[in-house]
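Student: Could you take me through one part of this model up close? I'd like to hear how the pieces there pack, and then a bit about what else stands out.

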2 protein chains.
Amino acid sequence: MTHITVLSGGVGGARFLRGVRAWARQTHPDGAGGSTAHITAIVNTGDDMWLTGLRITPDLDSIMYTLAGANDEERGWGRVGETERVSGELKAYGVGWPWFTLGDLDIGTHLARTHFLRSGMSLSAATERILQRWDIGVRLLPMTDDEVETHVVSDIDGTEMHFQEWWTRHRASIPAREFRQLDVERSTPAPGVLDAIAAADVVLVAPSNPVVSIGTILGIPGIRAALAATSAPVVGVSPIINGSVVRGMADACLQTIGVATAADSVAVHYGSRAAGGLLDAWLIDEADAAVASHVEAAGIATTVVPLWMRDVPTAKQLAADAMDAATRVRSL
Amino acid sequence: MTHITVLSGGVGGARFLRGVRAWARQTHPDGAGGSTAHITAIVNTGDDMWLTGLRITPDLDSIMYTLAGANDEERGWGRVGETERVSGELKAYGVGWPWFTLGDLDIGTHLARTHFLRSGMSLSAATERILQRWDIGVRLLPMTDDEVETHVVSDIDGTEMHFQEWWTRHRASIPAREFRQLDVERSTPAPGVLDAIAAADVVLVAPSNPVVSIGTILGIPGIRAALAATSAPVVGVSPIINGSVVRGMADACLQTIGVATAADSVAVHYGSRAAGGLLDAWLIDEADAAVASHVEAAGIATTVVPLWMRDVPTAKQLAADAMDAATRVRSL
């Protein structure tokens, strides 16, 4: 298990990746505090947007800040020790979205990224360049270098808005009729994405939003086929514990696509790889042990373990459990 | 004197404009703390540049901040109460110019401006939009909406650099062979500039850098002709007091174009309007009274008054003296 590829959204994915990294450093130590294992995260960029001339990539940044130890653990997002002086000015000038506040340190990242993009770099090249500052021990790949933004169609009036407007401004309170990935049909996976899936020893699906994070990654042409073709087992972690989403408002997203907010329903939605779906194995929480048989019945090997990532040790244990599940799949 | 047009650079021009505004409010009060007089500043944009994807307009901002009372009086430039958190991040990412620090509040202005420009607004429209936030009582017009950046040709090796690099990074220490206004021949005055000159009751030339501020404005095709044609008297204030520049390193600029750093030499360089030059009248400091006759001999009416703008009252008195000089020209 020296080549580990993780499909990931933002905050939940970041915590899971921190566990995977801790697991890799312990089981495959390089003698210098790092690991000889290669961890690659394929990251959702559907939440990305242009805001006041800046290119914002929330999930990439959440992962980067968390793995760099520069995240605000208490607030759950953004940089620790953040201030909002620039945002105050933008509000005074009446630009931007007043409900989407950018921290000053965060704006530094956005300015650097935007500068690289405008200089002609792709998002993956800009991300690599940005990461030169932080020694995170994980390779971050945007799912695509193309701008494939997720839009939400309101079920009230049929109008469309950027996912961030629906999620952050309206707190997912507006019933959504549909999620749309703009221009997805013309997009291609970012360089390295298909290789990272094909060459993986294990593919992990982080406990991220199944619709607008993982679902969005799966929407990029070519990624589903690569996941179907890889020799690596694909092991997912349920983002639902005891019938509730761990964080965020994923239940509103699941409702929109007609999937119940339940550990088994999400697995069945992803589907068994043997039957053309995504998963070889699925980790559910002890609180959901009763539905394990439903997942097994769908052809997905199921493991019941504690899923709650309270801290790095519990996240590391979750990663270890996922690796064990992968090993069991390989030995079948 | 209800239509006052001022040619201006940054900090020195800003202080002079504050005096002109105070004079107007006193002599033409509108009963609400403002003035019925119309003050228009035509502002040098040769120092403007793109930096880390932001459009920076130093002179427009110096004037705006100063007239809004938001400037850092002690430091002499930028916003009061400024911080540099974003710049710290940019340095950590290795972007931008490490010798050109942008304050956080200032970056708010640059982000808003850049956003407007990228949305398709001209610089003059963006400036007007930015000014909606500040009630400064002076109309600010960039000299042109085109990007006409001043470059400096090194006399050491003939290479070229942006004026800001020469001025801020190298503190004007590299001998300059020449100043170049990139693409100036294709530029036109911004909307309102020629009208503000034609319809003025008086045109004032602020005590700004005669080469890279005022000289740059005069380089825009059409502006010299408008100044020659206006029925308004053109009155200048010497930026040289007692053979020294009041601030900045204008002496290095004057040396490059072969003009001595002296109150009379600058006037002679500008030239008498009657002889195809710029000036009808010129204000010099009491310390330079001895050279008044040289200016008079060049056909420029000369007034000897205190030029040092210690505070708003002294700047207001200087404005009053300039208005008196204009009145004398008109009565000739």
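Tutor: Start where helix 1 of chain A meets helix 2 of chain A: A:Val11, A:Ala14, A:Leu17, A:Arg18 and A:Arg21 on the helix 1 side touch A:Ser62, A:Ile63, A:Thr66 and A:Leu67 on the helix 2 side. Contact here means heavy atoms within 4.5 Å. By class, the contact of helix 1 of chain A with helix 2 of chain A has 5 nonpolar, 2 polar and 2 charged residues. For the classes, Ala, Val, Leu, Ile, Met, Phe, Trp, Tyr, Cys and Pro count as nonpolar, Asp, Glu, Lys and Arg as charged, and the others, Gly among them, as polar.

A word on ground rules: this is a predicted model, where local features need pLDDT of at least 70 and side-chain atom pairs count only at pLDDT 80 or more, while totals for chains, interfaces and linings use all residues. Residues are numbered from 1 along each chain as its sequence is written, chains are lettered from A and ligands numbered from 1 in the order in which they are written, and side-chain values use heavy atoms, with hydrogens and water left out. Helices (H or I, at least four residues) and strands (E, at least two) are DSSP runs, numbered from the N terminus.

Now the geometry. Helix 1 (residues 11-27) of chain A packs on helix 2 of chain A at an angle of about 40°, with the axes 8 Å apart. That makes helix 1 of chain A oblique to helix 2 of chain A; angles under 35 degrees count as roughly parallel, over 145 as roughly antiparallel, 65 to 115 as roughly perpendicular and the rest as oblique. Axes are lines fitted to C-alpha atoms, for helices over the stretch in contact, and angles run from 0 to 180 degrees between N-to-C directions.

On the helix 2 side you have A:Asp61, A:Met64 and A:Tyr65, meeting A:Asp106, A:Thr109, A:His110 and A:Arg113 from helix 4 of chain A. That contact of helix 2 with helix 4 of chain A has 2 nonpolar, 2 polar and 3 charged residues.

Zoom in on A:Asp61, which sits in helix 2 of chain A. A:Asp61 counts as buried at 4% relative accessibility; buried means under 20% relative accessible area, exposed over 50%, partly exposed in between (1.4 Å probe, protein chains only). Leaving aside neighbours within four places in sequence, A:Asp61 contacts A:Asp106, A:Thr109, A:His110 and A:Arg113.

Elsewhere, B:Thr303 is in strand 14 (residues 301-304) of chain B and is buried too, with a relative accessible area of 13%. Its side chain makes a polar contact of 2.8 Å with that of B:Arg328, a polar contact being a pair of N or O atoms within 3.5 Å; within protein, one must be able to donate a hydrogen and the other to accept it, and residues adjacent in sequence count only if both atoms are side-chain atoms.
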